[in-house]
Amino acid sequence: MKIMELEGQKELKGTIRISGAKNATVALIPAAILTDEEATICNVPEITDTDALCNILKELKVDIKRASESIIINPENMENIEIAESFSKKLRASYYFMGALLGKYKKAVMYFPGGCSIGARPIDLHLKGFEALGAKVTNEKNKYTVEADELRGANIYLDFASVGATINIMLAAVKAKGTTIIDNAAKEPEIVNVATFLNNMGAKITGAGTPTIKIEGVDHLGKCFHEVIPDRIEAGSYIIMGALCGNNLKIDNIIPEHIESLLSKLEEVGVKLDVGQDYVIVSKPEKYKPTTITTAVYPGFPTDLQQPFTILLTQAEGKSKVIETIWENRFMHIPYLNNLGADITVKNQTATIMGATPLKGTEVVATDLRAGAAMVAAGLLASGKTKITNVEHILRGYEQIVEKLTEVGAKITIKEI
Ligand code: UD1
């Protein structure tokens, strides 16, 4: 087991370079098996979610070469075998193999995916999409078999603009006969990144990034080279840390348009930002103003930044609110924040934060990935020492977090216990 220790109240100064997006990478790796030749993906983050997906590729006998930030994936000799539960439960995104294997072989057999416990996380929209394309879905004790004689293009309306369902349906439809239209599709930048990757292979996808995506099926997908977009959630997490402890902290290699909702909320609470073409420079202000944030699908305020942003609201004078509309169970970090000295109550899907309260280091738990980032932000701000357990959650999504924060002045270590 790993434990993270932070000594708080250190000024953060210098530059943090943002890695490739986790949520794009975890879709791009399964998507790569759709090529009939070879796919090279660069700017791949070194996180444990990447390792977990590469382990699934190895199980499927896919040839992979990893060199610094690139992965070369060659599925020429791959075998379409059942993906065991021990592999699928490592992360949510293992379910992208369902769409990719179905799209390539018209058959996928795998167990229900794992991932952070932030809600019920059903996959009904993914399965309905596969069925609309002509697949038959059977489910026996958590094991899903998705199979079709032929995949035919279809018009699919998503009841909710789900990121996972949108990507999974694109993967399944890319080689189907005829045209597929996904309506009420999710618009997140990661979806555009995956569609671009598939188009680089020879797919015909238009409209990614809008609510209507059109996929004209093709027979062959070829060799391609692709770059992962910068991680907007990693960027947002460090910008929030800069708003808490920064002195001209530069967050570099980002696409500021991808985090506009966060930047405007930061300005609203009184944080001064210097926004460049591919960077943001952030400093801690004298005072923070309270506000309300409501999470929403892109381009709304991202649910994944709600937890770290809450730390900032503990420092605002007066009453703030966080309204979570995407996940049913995304306030598990609140009791730990209260242990650190915050004054937060949760009722239904709303957290009410009374500030400003000083935070004092103690032992806390990273209950899920972004709750973990919130604990790191709290530990940077708090007086004294903060110990975080369940650090494995954080390492699933933040590349070299200790090195990146140490470089800008934080006192942070991870120990094996
Ligand atoms: C992705 C992100 C996650 C982020 C979330 C919302 C990845 C790997 N993870 O998760 O970090 O928090 O988007 O921005 O990209 N739903 C259903 N049925 C389905 C699918 C989803 O009811 O078949 C519901 C979910 O329970 C949830 C909502 O739709 O309430 C959003 O889920 P979705 O957009 O699918 O999130 P993920 O793709 O799992």
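Modeller: Start with Asp49, which is buried, at a relative accessible area of 2%. Buried means under 20% relative accessible area, exposed over 50%, and partly exposed in between, using a 1.4 Å probe and protein chains only. Keep in mind that this is a predicted model, where local features need pLDDT of at least 70 and side-chain atom pairs count only at pLDDT 80 or more, while totals for chains, interfaces and linings use all residues. Residues are numbered from 1 along each chain as its sequence is written, and side-chain values use heavy atoms, with hydrogens and water left out.

Biologist: OK, which residue does Asp49 form a salt bridge with?

Modeller: Arg396, with the closest N and O atoms 2.8 Å apart. A salt bridge here is a side-chain nitrogen of Lys or Arg within 4 Å of a carboxyl oxygen of Asp or Glu. Asp49 lies in helix 2 and Arg396 in the loop between helix 13 and helix 14, so the pair ties together parts that are 347 residues apart in sequence. Helices are DSSP runs of H or I with at least four residues, strands are E runs of at least two, and both are numbered from the N terminus.

Biologist: And is Arg396 buried or exposed?

Modeller: Buried, at 11% relative accessibility.

Biologist: How many salt bridges does the structure hold?

Modeller: There are 19. One of them joins Lys387 and Glu5, at 3.9 Å from N to O. Lys387 sits in strand 22 and Glu5 in strand 1, so that pair links parts 382 residues apart in sequence. Glu5 is buried at 13%, whereas Lys387 is partly exposed at 32%.

Biologist: Switching topic: what's the volume of the largest pocket?

Modeller: About 900 Å³. On a 1 Å grid over the protein atoms alone, a pocket is an open set of points where a 1.4 Å probe fits, with protein on both sides within 12 Å along at least five of seven lines; lining residues have an atom within 4 Å of a point. The volume is the space filled by probe spheres set on the points, which are joined across faces, edges and corners.

Biologist: Which residues lie nearest its centre?

Modeller: Tyr95, Arg121, Val163, Gly164 and Trp327, out of 40 lining residues. Helix 6 and helix 8 are among the helices that each supply at least two residues of that lining.

Biologist: And the second largest pocket, what volume has that?

Modeller: About 150 Å³. Its lining includes Arg17, Glu46 and Lys404.
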